[in-house]
Amino acid sequence: MSSPVPGPPHTLSDDSSAGTPATPRAKILKPVFIPAALIIIGLVVASIVFANVAGDALTEATTELNEAITSGVGWWYVIAVNAFLVFVLYCAISKVGRIRLGRDDERPEFGLLSWFLMLFSAGMGIGLVFFGVAEPLWNYVAPPGAFGNEPLSTDAARESVGLMMLQWGLHPWGIYAVVGLGLAYMSFRRGRPMSVRWLVEPLIGRQRVEGWIGHVIDVIAIVGTLFGVATSFGFGVSQVVDGIEFYGWMERSPALVIGLIAVVTLIATWSVVSGVHKGLKWLSNLNMSLAAVLALLVFVLGPTIFLLQSIPENLGQYLSQLPQTALHVGPFSEDNWEGIWTIAYWGWWTSWAPFVGMFIARISRGRTIREFVVGVLLAPTLVSLVWFTIFGNTGILYQQTGREITVADAETGEQTVNSTTALFQLFDHFPAGMFLGILAMVVVIFFFVTSSDSGSLVIDMMAHGGATSTPVVTRVFWSVLVGVAAAALLVAGGDVAMTALQTLAVSTAAPFSVILVIACISLLRAFRHETLSMPQHIEVILPEGEAAPQTPTTAGAVAPAGAAPAGAPRRDEAVGRLGAAAVDAAKPHRYGREVFRGLGGASMSLSGLATVVPTPGDEPDKHIISYRRVRPSEITVNPQTGAAELADTAGDPLAGETFDTPEFESSQEYLDQGGHRDPALEETGADLASEDDDAARDAPMGR
């Protein structure tokens, strides 16, 4: 394997920093860019046309497709999402967790707080505000029939937030972590371009990844990402427009919708053009600060003591319900709660996984896999729990005590929830409620901006074969296309077109979930090779003395060539015969250090450690020894000599190649400091960053 070489972290910004030569802009990967753009434009146009022509027929077709997804592949979504969570947990707690997402000596590029704010803001930010009050109320007003709670009951209120945390806790971030972990490993440690296709290279090989299979994977990722972001844009804009109408400032109109989308798109475009450091980091920090202020105000002005009691209660409900809800598909369900919420969420989060996963990968360089998984899973889950407790439990308590937030259904007269106005209805019962409503609308807008610009940026990267430095014009194209798609569907298609687009976005998760399962298997192959070749170290403390002449023994030990001084124990010969087993039996453990006592006259099978004859009164001599554990299955015994030998094991599934991509550009500094280039790279032409090779530079995948 071509090991990652030392070097400074590579900035996330697409613009060169001061004093740093600009990275050459990549060219469009036409087999990905053109099909993806045509599919997106065609589906948007088709949705609008069918919405205007078919009307109710489109609604019926959308409903049938949703039911088909729920009954046909819902079971697959549930199994796949749980498998993703198990996969990333295994990576964190096993030896795989020691692998660093970058060169071995790299450290994280971003501080812990900035890293957390950026990944959380781009992940689910807009949904926190949109569903913060609405979804817990839905679980209280219309709880899932499978769990036996009556509507508006105390049990339904107590379990409401715990139920919704299934869709906002460990599982969705497990989906994101699969993509983010794979991309960060393949790019920052193995030098692959930042594109989803490379996650399957250890399984299917480089040639297929660079061919039509890789193109199809990236097209699916781009289409799903853009529709997911555009649909979320529609939800966010609808909530802001309804908030404006709720306060009586303006009535909903196409001009208001288009104007609001235009403003948000301009801000998102500026952030995309300015680069991650200049735009997105600033917006993420600002917006998370505003969201924290909003939550703090509701916490202080609302039922503070009740909320403090509810936080541990909801955490306990979530953890206690998780074994039952995690695998719940609802084959006997009569209310289709599972299809409306859980399975729809699994498809929704999976369709977002390419862009959220790629984004958190780009901001996680230098962290170990264990740090990555723990941070990505736990931190957002805990913050989501606190957020939904503050807003959801406050809404439920107010509803219980006569401060109405729900509305009566026009046809049935039953209590229902208006998801777009529930937040403003809650604030209507607060002092300075209008101020809170305005602050919430600002947070919604900026939450979408951070999701839109990060989504547009990673879409453009995939459309350029994973290049991290892409032309401004194409970045603007994707950013504008997101806004145009949302505006066209909201204005021309109305609710019917948005419903169709939601279904379409969830549907794209089905093939992409299969890709992610294959990616998990593929990454395990790469991780297995790396862990098998991963050295461990021990500190051996030997009495310092005069080294005796050495000769190798047949067992691989180093033994004195001459006789030991009179009276000196001949432990070296004994250990030479017994080998490492004698070492393990003789060593005590103290504070994690392995200390060899009484073996000062022998180095046994520790190659390269001099045999010494101890001299009384000398200070101990310390040695750091690198070793690798060998499994019994890897050892064969030579029938002629009886010597133990290592059996042939599987080679590197990545063929020992580490590409010299822009993400690996600091390799040259290592070479200048006396390092060496892997000959395999010279032979295969995997050095993609050679500025003298136009063909390599223009083809991000090295063809």
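Buried means under 20% relative accessible area, exposed over 50%, and partly exposed in between (1.4 Å probe, protein chains only). This is a predicted model, in which local features need pLDDT of at least 70 and side-chain atom pairs count only at pLDDT 80 or more, while totals for chains, interfaces and linings use all residues. Residues are numbered from 1 along each chain as its sequence is written, and side-chain values use heavy atoms, with hydrogens and water left out.

**Exercise 1.** Count the salt bridges, then look at Arg103 and Glu106.

*Solution.* Start with the rule: a salt bridge is a side-chain nitrogen of Lys or Arg within 4 Å of a carboxyl oxygen of Asp or Glu. Applying this rule gives 9 salt bridges. One of them joins Arg103 to Glu106, with an N to O distance of 2.8 Å. Next, check burial: Arg103 and Glu106 are both buried.

**Exercise 2.** Work out which parts of the chain Arg189 and Glu530 tie together.

*Solution.* First, find the contact: the two side chains form a salt bridge at 2.3 Å, N to O. Then place the residues: Arg189 lies in helix 7 (residues 170-189) and Glu530 in helix 19 (residues 509-532), so this pair ties together parts 341 residues apart in sequence. Helices here are DSSP runs (H or I, at least four residues), numbered from the N terminus. Finally, Arg189 is buried, at 6% relative accessible area, and Glu530 is buried too, at 3%.

How values were computed: Helices (H or I, at least four residues) and strands (E, at least two) are DSSP runs, numbered from the N terminus.
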